Amino acid sequence: MISNFPAPYPDELIYSVIARYAVHNGILSPKYLTEELFNNRNLTPTYDLPSHLDRLASYLPDHYDALILINQHTLLPIYQPFQPDTVMIYAMQALRGEHYQSLHTRLGKNASRIKSVNFFRFCPHCWQEQMEQYGEVYWKCSWQITGYEYCTRHQQPLFVSCIPCNGIDRKFYFAHLNTLKDSSQLVFNLQDLHHHIELARLIEELLAHSTFITVQDFSILSKAYFTLLKDRDLLSGRKNINYEKVRQLVVDYWSKSFLQYYQLGDLSSENCWLKNICRKHRKAFSYLEHLILLKALVPEQSPIHTYQQYLDMAATATEKQTIPVNVKPETNQTLSEDQLKWIQLIQEMSVKQARQYDGAMYARLYRNHKDWLLKINQIAVTTPPSRPKPRVDWGIRDRQFTKQLIKIRDELLEDLDSLQWTKKFLIKQLGHVSLIEKNWYFLPLTKAFLEHYAESVDCYQIRRLTRTYIRQQTENKYYPPSVFLRLAGLSPQRLTPEARRFFDNIMGK
Ligand SMILES: [Zn+2]
């Protein structure tokens, strides 16, 4: 059992924590190090997406778990908002477990245009501060993210060390002040400097919100972008995207040389990233591509906010489409006579029987409304026609759910330790997840309640700060700010501005 594994510092890579452990314990042999920590002599260090996190969490105090390590001390959060749930579930398991293959490939990292960092990067002024505060220096996660080229705290470009973080012979390198000697500062086109600074800020914002955004599948992303392009008046006709206009917006906002710096300069060939991201999504795009496009399309607001807003709209529109026909009569008004007859038939008999009963009508529908037909048949399969569902009085249901929710919220108000009260979390407490999600539009009171009382990231962070503050007062102790944040499970970089104000206030700043 390892008892002296160091706790990670704010925004520190797990990789760096392991390297510090080796130094603290005088371990020189990489094989001995991985043998001792992971029972495996042949483990290759991975700076961005390390595995074995369940095991590492077990070496740390109780308030650490693999999830906290993943969200605050690896680079997975820059992928999360842009990957479908299935990939993210795989990735989480891979990082928690002992073996993983192909994670970088599944996340699209290997095929990505965005070049990963090859040498560790750092800010010498941050190092100086770390030295003063902790007596040692470490590698921060954010420094190793392509696009985060600039320390927003000290307002200067990062330095690139000569210590490789990729390559075959890699091992655990700890951060050391001597590194400064052989390092060089990143150089940008002067006229692009403000964009690099802006991008670094957008990445900080992405890191603060990434764990709260989930994507069901690629179709939601395609829909979200299509609606966004439509809202910004970037379609020609009803369905075609006016790439030339989109391209112009992106170039005007960011400039050609800036885009070239990140290998994103090709905006006009048939298969370029910009055209593909506007089309149907078949694979994931990188955080840089999303941030750059979203900001150019809606410069007046934060790209993460825009992204979340359009994802929510797309998800809600999808829910609307899957509402069963028997409870949504008004949609029937726009259906053809064949479609109406078919709905009636599949409510009385199985799809197969209905097809045999009127083959000609089935063929017509297949020709003219194939997508609709397949969707409606799917619904019919899940509701056996032999047992008609009792009519649901949605009004009564809606009031029942709302009453239950009020009770749940009152109980939660007493419980500072609970998880974030997201909509999903509250719905789960009701115990009718799919019923509510599928019939969202028949439950206006429930919907309004959830929208009003679901906890924002601000409130959730403030609740965690409050909890730690109470702990501090009852134990009659004073925690320095960094320890305080660590106990609250928060990192200074990821505090929202609102939570930051609250934090400064209770710290008496
Ligand atoms: Zn700095």
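Reader: In which sense do strand 1 and strand 4 pair, and over how many bridges?

Author: The model is a predicted one, and the general idea comes before the case. Strands of a sheet pair through backbone hydrogen bonds, either parallel or antiparallel. Here strand 1, residues 119-122, and strand 4, residues 159-164, are paired in the antiparallel sense, with 3 bridges. Phenylalanine 122 lies opposite phenylalanine 159 in strand 4, and arginine 121 lies opposite valine 160 in strand 4.

Reader: What is the bridge partner of phenylalanine 159 in strand 5?

Author: In strand 5 that partner is glutamine 185. Strand 5 covers residues 184-185, and its pairing with strand 4 is antiparallel over 2 bridges.

Reader: Turning to helices, how is the packing of two of them described?

Author: Two packed helices are described by the angle between their axes and the distance between the axes. For helix 1, residues 14-24, and helix 2, residues 30-38, the axes come within 11 Å and cross at roughly 110°. Angles of 65 to 115 degrees count as roughly perpendicular, and helix 1 and helix 2 are therefore roughly perpendicular to each other.

Reader: Which residues of helix 1 and helix 2 meet?

Author: From helix 1, Ile18, Tyr21 and Ala22 meet Leu33, Glu36, Leu37 and Phe38 of helix 2. Sorted by class, this contact of helix 1 with helix 2 has 6 nonpolar residues, no polar ones and 1 charged.

Reader: At what angle do helix 4 and helix 5 pack, and how far apart are their axes?

Author: Helix 4, residues 66-73, packs with helix 5, residues 85-96, at an angle of about 110°, and their axes are 10 Å apart. That angle makes helix 4 roughly perpendicular to helix 5. In the contact, Ala66, Leu67, Ile70 and Asn71 of helix 4 meet Met92, Leu95 and Arg96 of helix 5, and these residues divide into 5 nonpolar, 1 polar and 1 charged.

Reader: At what angle do helix 20 and helix 22 pack?

Author: Helix 20, residues 423-430, and helix 22, residues 444-453, pack at about 130°, with 9 Å between their axes. That makes helix 20 oblique to helix 22.

Reader: Is the crossing of helix 20 and helix 22 left-handed or right-handed, and which residues meet there?

Author: The crossing of helix 20 and helix 22 is right-handed. Lys423, Leu426 and Ile427 of helix 20 meet Leu450, Glu451 and Tyr453 of helix 22, a contact whose residues comprise 4 nonpolar, no polar and 2 charged.

Reader: Which residues does UniProt list for the domain "Transposon Tn7 transposition protein TnsD C-terminal"?

Author: An unreviewed UniProt entry lists residues 199-297 and 322-450 under that domain name. Over residues 199-297 the chain is 61% helix and 4% strand, and the end C-alpha atoms of this stretch are 15 Å apart.

Methods:
Residues are numbered from 1 along each chain as its sequence is written. This is a predicted model: local features need pLDDT of at least 70, side-chain atom pairs count only at pLDDT 80 or more; totals for chains, interfaces and linings use all residues. Side-chain values use heavy atoms; hydrogens and water are left out. Axes are lines fitted to C-alpha atoms, for helices over the stretch in contact, and angles run from 0 to 180 degrees between N-to-C directions. Angles under 35 degrees count as roughly parallel, over 145 as roughly antiparallel, 65 to 115 as roughly perpendicular and the rest as oblique. A crossing is left-handed if the near helix is turned anticlockwise from the far one by less than a right angle, and right-handed if clockwise. Contact means heavy atoms within 4.5 Å. Ala, Val, Leu, Ile, Met, Phe, Trp, Tyr, Cys and Pro count as nonpolar, Asp, Glu, Lys and Arg as charged, and the others, Gly among them, as polar. UniProt positions are given in the numbering used here, feature names are shortened, and annotations may be inferred rather than shown by experiment. Two strands pair if DSSP finds at least two bridges between them.
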